[in-house]
Amino acid sequence: MANEEDDPVIQEIDVYLAKSLAEKLYLFQYPVRPASMTYDDIPHLSAKIKPKQQKVELEMAIDTLNPNYCRSKGEQIALNVDGACADETSTYSSKLMDKQTFCSSQTTSNTARYAAALYRQGELHLTPLHGILQLRPSFSYLDKADAKHREREAANEAGDSSQDEAEEDVKQITVRFSRPESEQARQRRVQSYEFLQKKHAEEPWVHLHYSGVKDSRSEHERQYLLCQGSSGVENTELVKSPSEYLMMLMPPSLEEEKDKPVAPSNVLSMAQLRTLPLADQIKVLMKNVKVMPFANLMSLLGPSVDSVAVLRGIQKVAMLVQGNWVVKSDILYPKDSSSPHSGMPAEVLCRGRDFVMWKFTQSRWVVRKEVAAVTKLCAEDVKDFLEHMAVVRINKGWEFLLPYDLEFIKKHPDVVQRQHMLWSGIQAKLEKVYNLVKETMPKKPDGQSGPAGLVSGEQRVQTAKTKAQQNHAFLERELQRRKEQMRAATVLPSVQIKEEPLSEDEADGEELEAEEEEPMDTTPSSCLSTKLANGLPAGRAVGGDSLNGHPIPGCASNPVTQELKAFVEATFQRQFVLTLSELKRLFNLHLAGLPPGHTLFSGISDRMLQDTVLAAGCKQILVPFPPQTAASPDEQKVFALWESGDMSDQHRQVLLEIFSKNYRVRRNMIQSRLTQECGEELSKQEVDKVLKDCCVSYGGMWYLKGTVQS
């Protein structure tokens, strides 16, 4: 209260916001001049502006009669610029430097905080500034003088040789045709500095007329700086709540804004997504995800969205494949675009991708070589098509990414029928373009009542049960024979193996997998050993080197097992953490380098590969992936070498236990946990070594290798 009494309010001034010149008012900052001189005292010869670039050029006369003006220097500059002869193109027609050019540059890109104020009759009128330009002297005449000097030197060197005109020699001309420009090359060219400079130079100059301070036109324009309405309708921007006014007085600092992580350019947050229309939301989601079940799409759009409207919108941007929605080819490859690999136009790419999608409506599996042979596209383009909607399996081909959505097929038969009609039209077009023989096309299964290529869930289950009943006796005999072999090969009598009969549901499940062209895994994990891996026995005792034609992993006498185990151990010694997907990729590369007829070409299943990894002293890390992760099932299986025999084993084990409870971790948490568990302060080099062995950094956070989805 004492401070308020010492600083009383002397006067209250009403503030008005004028908008008449809000988008047209610029502030020009001239060079330093004497306070007694105004720019009305200097005659303006010309003024011009480029509105889009906010660039201004002014020409002002120089007082050549001023005693401070050096006349000899002015004549020398004019002579260097224009030469001895004066014509219409001369910069200085009076053969004297009698004018100067000022060019503008923007002082700041954010002019929202600045305004021009006019105080009149106890009222303060504010007009926002559209731009602030600094006018600085331009020395372009020096460039013109240098050009004249180079021309004179070139003429002197040529001498009189130009007078002796001789017949020019005939020269061979090589004609070259440029390749069609790809979409990526066009984007790089448009964003280049030379292209932007050319676009700026193409903008025409708009000539301006200068009016003095006391001119009648200036007096008329100055009236627009006053608020036209006295009712306060125009001043709603000045009515702010206390919190908004406080935010305007104390905006967040730049340091706080820099601390916020910057999302990649191709990432759209859910908050931004919800601001788009429903059709655009569906298009953006499908373009990024490419393959999605309808239930997942509804969960992303929110519970308040009408499913009928979503069904109507999804059919415009996606096609139904095995009960799931796959984005249309023309969405990924728009018109006038081309392949970054081969340069093929978008029409050819869309036709090839439609063929791959159609193949998946007929079967769970597709072979890349067959697709390339039919479409005549390069291997990279075909691989891109398959990676959009499938996952590669060792020695099998490409399997569709998602399981068959029986629930959607049963719930929406009208949509299924409409999609079947669309696929029939696409099939007819593909047969005509690729000259496909109809006899080789997949036929409609007997007894199928639904559309071709789309088998209902009830029919699949019924077919599986029928086959299971037919083969039940054979499965029982096979199971009994396996049990007898395991008992006969048991080395330790004290080890008891729990035997459980195969239930009817399990038999049905096995036959359902067989219907989907996935072979039953009948191989045991490994030979009996007292060593534990992940808390489980490393294998079971079986007799012989093979079982049902498959090699048994873990037996030392089996050459396939020895080769596979040697590959796994060597791989994990180089890379301590691997996902199953990455391990299979490395194994395929290893197979590509082996000679024909090698033992590893006998066929290695996913189960056999995993069992070998566990038997090699590795553990599976159950990383808690986020609910909406884009990682495939193989990418969510993470294996790590538990003991390598070096000094960092303990540190890596602590790190792996951290990631068994957290999907991503900060570095300070890792360092504090290592210090707590190891009982000593680790150096930066030791922590860096452990992180380099097992983790990758992305966005300031640390992830296990292969788990981060960019």
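Trainee: What is the accessible surface of the chain, and which atoms does 53% of it belong to?

Mentor: The accessible surface of the chain comes to about 45,700 Å², and 53% of it belongs to carbon and sulfur atoms. Such areas come from the Shrake-Rupley method with a 1.4 Å probe; for residues, only the protein chains shown count as cover. Please note that this is a predicted model, in which local features need pLDDT of at least 70 and side-chain atom pairs count only at pLDDT 80 or more, while totals for chains, interfaces and linings use all residues. Residues are numbered from 1 along each chain as its sequence is written, and side-chain values use heavy atoms, with hydrogens and water left out.

Trainee: How many helices and strands are there in the chain?

Mentor: The chain has 27 helices and 24 strands. These are DSSP runs, numbered from the N terminus: helices are H or I with at least four residues, and strands are E with at least two.

Trainee: How do you know what span is expected of helix H23?

Mentor: The expected span is 1.5 Å times one less than the number of residues. H23 (residues 580-592) has 13 residues and reaches 18 Å from its first C-alpha to its last, close to the 18 Å expected.

Trainee: Which residues of H23 are called buried?

Mentor: They are Leu580, Leu583, Lys584, Leu586, Phe587 and Leu591. Buried means under 20% relative accessible area, exposed over 50%, and partly exposed in between, with a 1.4 Å probe and protein chains only.

Trainee: What makes S20 and S22 a pair?

Mentor: Two strands pair if DSSP finds at least two bridges between them. S20 and S22 have three bridges, in the antiparallel sense. Within this pairing, valine 577 stands opposite alanine 640 in S22.

Trainee: Which strands stand at the edges of the open sheet?

Mentor: The sheet has three strands in the order S20-S22-S21, with antiparallel pairing. S20 and strand S21 (618-621) stand at the edges, because each has a single partner strand, so one side of each is left without a neighbour in the sheet.
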